[in-house]
Number of protein chains: 2
Amino acid sequence: MPRPAPDTRSRLLAAAAAEFAARGYAGANVDRIARAARVNKAMIYYHFRSKAALYGEILRDMFDAVAAGVQAVAASTRPPDEKIRRFVEAIVSAAEERPHFPAIWLRELAEGAAHTDAATLRHAGAVLAALGTILEEGRRLRRFQPANPLLVHIGIVAPLLLFLASAPLRRKLDRIATANAAVVSRDAFVAHIQRVTLAVLEGRIA
Amino acid sequence: MPRPAPDTRSRLLAAAAAEFAARGYAGANVDRIARAARVNKAMIYYHFRSKAALYGEILRDMFDAVAAGVQAVAASTRPPDEKIRRFVEAIVSAAEERPHFPAIWLRELAEGAAHTDAATLRHAGAVLAALGTILEEGRRLRRFQPANPLLVHIGIVAPLLLFLASAPLRRKLDRIATANAAVVSRDAFVAHIQRVTLAVLEGRIA
DNA sequence: TCAGTTAAACTAACTGGATAGTTAATACTG
DNA sequence: CAGTATTAACTATCCAGTTAGTTTAACTGA
């Protein structure tokens, strides 16, 4: 039933996100995306303008979501330590709603955000800015020590992204390797990042 | 001067590492690698078997170097806390001798090590194993609390990789963004990771 | 000491297959 | 019937890998 444009568009977005995450922008194949979405390839060019535009749409959606999440946290009325916990949680849950986000973000970092347009880049910058706001507030309230926002940000985002993005690899290794006991649950990992970050901010490190 | 086979091979390796780091395996272009190395494209197929073999060689060299470095640290006679500091330092200096390592490693993680052969994968696993040895020793000597090696490993490697791999992006952003004061030196960053890791291991968190 | 031989190192030009993007025609629905 | 959604088949380009032939350094032995 053509007119109501079923879910072709969203099916394409989902299939494309999986493909881009698994193979990167250059490695992604438009025919394969169409096949996975069970849709004619030409629909990609009907609903989106090009492979690049499709990718851009996915990126934009991802960074919009994260930026919105962490900005809400920063603007809320909570004690600073609680804001930090929720900042971490906001990133993780945005990533879990979009399972391909971590891998795609990692790749964009690796190639200097080559496929990221200025607007999306600003949204990404807003995540760092939101963290900066929280740190500043914590400092004003004498709860946090001075800390470089970039350093704190990397300390949070890098482990989260790597942990989430490497899930497929870890599963693969567990199947091969000899009883690799090094398995960590999502919750344990998040809690660990929250604790470590707060220890840093509250000056409980060395 | 054909016979002495000047540095064609090493020039190709260098150019290829840069290309793979900047664009990923699929995005890398063999003609561009040859041009950058100022060498005829056919030389790639003369000195290496294929694009994949060239990439594999680069990966192998990288993981060999890191594995050797951290294994030397683990085998040395130092107190556990010093071993941890040197473990971090070993990874950073291997990465600095091979500036394209971090971006390439990040990508491999993002795509589940799709282009990594079994031997190279074992070397990568050896890095985690070396850390495990250090943690165990520290525990035996009552210096470290019990800790999940994978969790500690990600806490070290993820920030290092992200910090090193995002250097080009950060430079790009600094040129655009309005007085982004969030600049962190290499040494400050490394020292921070060392301190945080030891705080975790010595049970000084939470 | 040097003509002749060998094999490694190298090149220009080509090939074939993959793939992003197009088009013209068709189905459906309000 | 009007316009949105969809399709099969096509095109043009790009790019990994090949090939047939050339140059050069190192060696041979007379």
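Helices (H or I, at least four residues) and strands (E, at least two) are taken here as DSSP runs, numbered from the N terminus. The model is predicted, and for that reason local features are given at pLDDT of at least 70 and side-chain atom pairs count only at pLDDT 80 or more, whereas totals for chains, interfaces and linings use all residues. Residues are numbered from 1 along each chain as its sequence is written, and chains are lettered from A and ligands numbered from 1 in the order in which they are written.

Chain A has 10 helices and zero strands, and its elements, read from the N terminus, run α-α-α-α-α-α-α-α-α-α. Taken along the principal axes, the box filled by the C-alpha atoms of chain A is roughly 60 × 45 × 30 Å. Of the 206 residues in chain A, 43% are buried, a residue being called buried if 20 or more other C-beta atoms lie within 10 Å of its own, exposed if 12 or fewer, and partly exposed in between, with C-beta atoms placed from the backbone. Two residues are in contact if their C-beta atoms, placed from the backbone, lie within 7 Å; among the contacts in chain A between residues at least 6 apart in sequence, 67% join residues at least 24 apart.

The two chains meet in a contact that takes 41 residues from chain A and 41 residues from chain B. On the side of chain A that touches chain B, at least two residues each come from helix H1 (8-27), helix H6 (101-110), helix H8 (149-165), helix H9 (167-176) and helix H10 (186-201) of chain A, and H8(A) gives the most, with 10 residues. That side of chain A divides into 27 nonpolar, eight polar and six charged residues, where Ala, Val, Leu, Ile, Met, Phe, Trp, Tyr, Cys and Pro count as nonpolar, Asp, Glu, Lys and Arg as charged, and the others, Gly among them, as polar.

How are the copies related? Chain A is superposed on chain B by a rotation of 180° with 0.0 Å of shift along its axis (RMSD 0.0 Å), which is the relation of a two-fold axis. The same surface serves both copies, in that 100% of the contact residues of chain A recur in chain B; the superposition is by least squares on the C-alpha atoms of residues with pLDDT of at least 70 in both.

Within chain B, the axes of helix H8 (residues 149-165) and helix H10 (residues 186-201) come within 10 Å and cross at roughly 170°, the axes being lines fitted to C-alpha atoms, for helices over the stretch in contact, with angles that run from 0 to 180 degrees between N-to-C directions. H8(B) and H10(B) are therefore roughly antiparallel to each other, a term for angles over 145 degrees. H8(B) brings B:Val152, B:Gly155, B:Ile156, B:Pro159, B:Leu160 and B:Phe163 to this contact, and H10(B) brings B:Phe189, B:Ile193, B:Thr197, B:Val200 and B:Leu201; these residues divide into nine nonpolar, two polar and no charged.

The largest nonpolar core has 127 residues, of which A:Val70, A:Ile91, A:Leu106, B:Val70, B:Ile91 and B:Leu106 touch the most other members. Such a core is a set of buried Ala, Val, Leu, Ile, Met, Phe, Trp, Tyr and Cys residues joined through C-beta atoms within 7 Å. Not counting residues up to four places away in sequence, B:Val70 touches B:Phe87, B:Ala90, B:Ile91, B:Val127 and B:Ala130.

Some individual residues complete the picture. B:Ala15 lies in helix H1 of chain B and counts as partly exposed because it has 19 C-beta neighbours inside 10 Å; leaving aside neighbours within four places in sequence, B:Ala15 is in contact with B:Ile33, B:Ala36 and B:Ala37. A:Asp187, in helix H10 of chain A, is exposed, with 9 other C-beta atoms within 10 Å, and its C-alpha atom is separated by 10.0 Å from that of A:Glu89, 98 residues apart along the chain.

A:Ala113 is found in the loop between H6 and helix H7 (118-140) of chain A, has a phi near 55°, a positive value in a residue other than glycine, and is buried, with 20 other C-beta atoms within 10 Å. A:Ala114 is placed in the loop between H6 and H7 of chain A and counts as partly exposed, with 16 C-beta neighbours inside 10 Å. B:Arg142, in the loop between helix H7 (118-140) and H8 of chain B, also has a positive phi, near 60°, and is exposed, with 8 other C-beta atoms within 10 Å.

Conventions: Parallel < 35°, antiparallel > 145°, perpendicular 65-115°, else oblique.
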